[in-house]
Every structure is written in C-alpha cells, then in structure tokens.
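These are my notebook entries on a structure that I had not looked at before.

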Amino acid sequence: KRKEMKLPDLRYLLLTDSTALVQGFLSFMLTYEDGHEVIYCYEIHLSPPVQRRGLGMYLMGLMEDVGKRAGVEKSMLTVFVENQAARNFYEKLGYSEDEYSPQPRKMRHGTVKMPTYVILSKSMQEWTTDHEGCDDG
C-alpha cells in the first residue's frame, strides 16, 4: 500500500475541515486497463464524523468529472466481495460489475474458488456523447 501511495501518477482529493485537518481522501489515477483509457479509484476513506453526509458521493463525483473531462471510457474500482456496504454505495452511484472482474474458478477436484474481490465500473461515455457540440462559453 505504501509503495502504491507513492506512484507518480496517483492523485489525491483531500477533504479538510475548517481547521485544515484532513477528514477524508480519495486517490485515483488516469490509466489504461485492458487497453481502455480509464480513471481508476484506488481508495476512498472518510473519518467517522464526516460519514453519511454525502461527502463520499461528492468526492466520487469530482473524480468522475476529472475522468469525463479527460475523455476516458469508464471509471473503475475494486471492492472486496464481503464489503456489502461499499458495494451498495458504488451501485447507488451507477457502478456495476465490470466484464474484467474475476469469475469463480473450478479447481481440479471440482471445488469452486470464489474471488475475494470484484471490479466495478461505470461508463463515462454518456457524458461526452450527451455534451458533444455544447459551447460552454
């Protein structure tokens, strides 16, 4: 994790309170995933006092806006299968299981090994298509 946090292209959105104390963050990177230009959310964390106030949605929206403006195909993230609260949060934002998410694997003796994480994604193409030809000024 520490090594990942120092990646040169990793960017952070910081959420601070009125005293400049960091209350949360979202880390992301513009990158390529299986040949597609994407914005990848690496982590999002909010301290308990600021949770359930819409700030997670706000940070995700800021990150998605960066992706849309950069013209990426989709926004992606990884979430542990057992973290149902996080999965519900992302699904509420329009994320669904990505085609590249790991699938259950059948082992030699017929045992099925279930993945411990799922890759979720959300298309960023609707925005660029819907706003093509718009003049902002």
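**Entry 1: a pair within one helix**

I began with Asp-65 and Arg-69, which are four residues apart in helix H2 and therefore separated by about one helical turn; helices here are DSSP runs of H or I of at least four residues, strands are runs of E of at least two, and both are numbered from the N terminus. The side chains of Asp-65 and Arg-69 meet in a salt bridge, at 2.9 Å from N to O, where a salt bridge is a side-chain nitrogen of Lys or Arg within 4 Å of a carboxyl oxygen of Asp or Glu. Asp-65 is partly exposed, with a relative accessible area of 28%, whereas Arg-69 is exposed, at 61%; buried means under 20% relative accessible area, exposed over 50%, and partly exposed in between, with a 1.4 Å probe and protein chains only.

Before going further I wrote down that this is a predicted model, in which local features need pLDDT of at least 70 and side-chain atom pairs count only at pLDDT 80 or more, while totals for chains, interfaces and linings use all residues. Residues are numbered from 1 along each chain as its sequence is written, and side-chain values use heavy atoms, with hydrogens and water left out.

**Entry 2: the other salt bridges**

How many salt bridges does a search of the whole structure find? The search finds three. One of them joins the side chains of Lys-122 and Glu-64, at 3.0 Å from N to O. This pair links distant parts of the chain, since Lys-122 is in strand S8 (residues 117-123) and Glu-64 in helix H2 (residues 55-70), 58 residues apart. Both Lys-122 and Glu-64 are buried.

The side chains of Asp-98 and Lys-74 also meet in a salt bridge, at 2.7 Å from N to O. Asp-98 and Lys-74 are both buried.

**Entry 3: helix H2 itself**

I then checked the length of H2: at 1.5 Å a residue its 16 residues should span 22 Å, and the end C-alpha atoms are 23 Å apart, which agrees; the expected span is 1.5 Å times one less than the number of residues. Which residues of H2 are buried? They are Gly-56, Leu-59, Met-60, Met-63, Glu-64, Gly-67 and Lys-68. After H2 comes Gly-71, with a positive phi near 80°.

**Entry 4: Ser-123 in strand S8**

Ser-123 is found in strand S8 and counts as partly exposed, at 32% relative accessibility. Leaving aside neighbours within four places in sequence, Ser-123 is in contact (heavy atoms within 4.5 Å) with Glu-73 and Lys-74. A polar atom of the Ser-123 side chain lies 3.1 Å from the backbone nitrogen of Gln-125. I also looked up Val-38, which is 85 residues from Ser-123 along the chain, and found their C-alpha atoms separated by 9.3 Å.

**Entry 5: two loops with positive phi**

Ala-20 has a positive phi near 70°, is found in the loop between S1 and strand S2 (22-33), and counts as exposed at 58% relative accessibility. Asp-34, also not a glycine, has a positive phi of about 50°; Asp-34 is found in the loop between S2 and strand S3 (36-46) and is partly exposed, with a relative accessible area of 44%.

**Entry 6: the whole chain**

Last, I looked up the overall figures. The chain has four helices and eight strands, which follow the pattern α-β-β-β-α-β-α-β-β-β-β-α along the sequence. Of its 137 residues, 31% count as buried. Among contacts between residues at least 6 apart in sequence, 53% join residues at least 24 apart. The accessible surface comes to about 9400 Å², with 52% of that belonging to carbon and sulfur atoms; the areas come from the Shrake-Rupley method with a 1.4 Å probe, and for residues only the protein chains shown count as cover.

Note on methods: A polar contact is a pair of N or O atoms within 3.5 Å; within protein, one must be able to donate a hydrogen and the other to accept it, and residues adjacent in sequence count only if both atoms are side-chain atoms.
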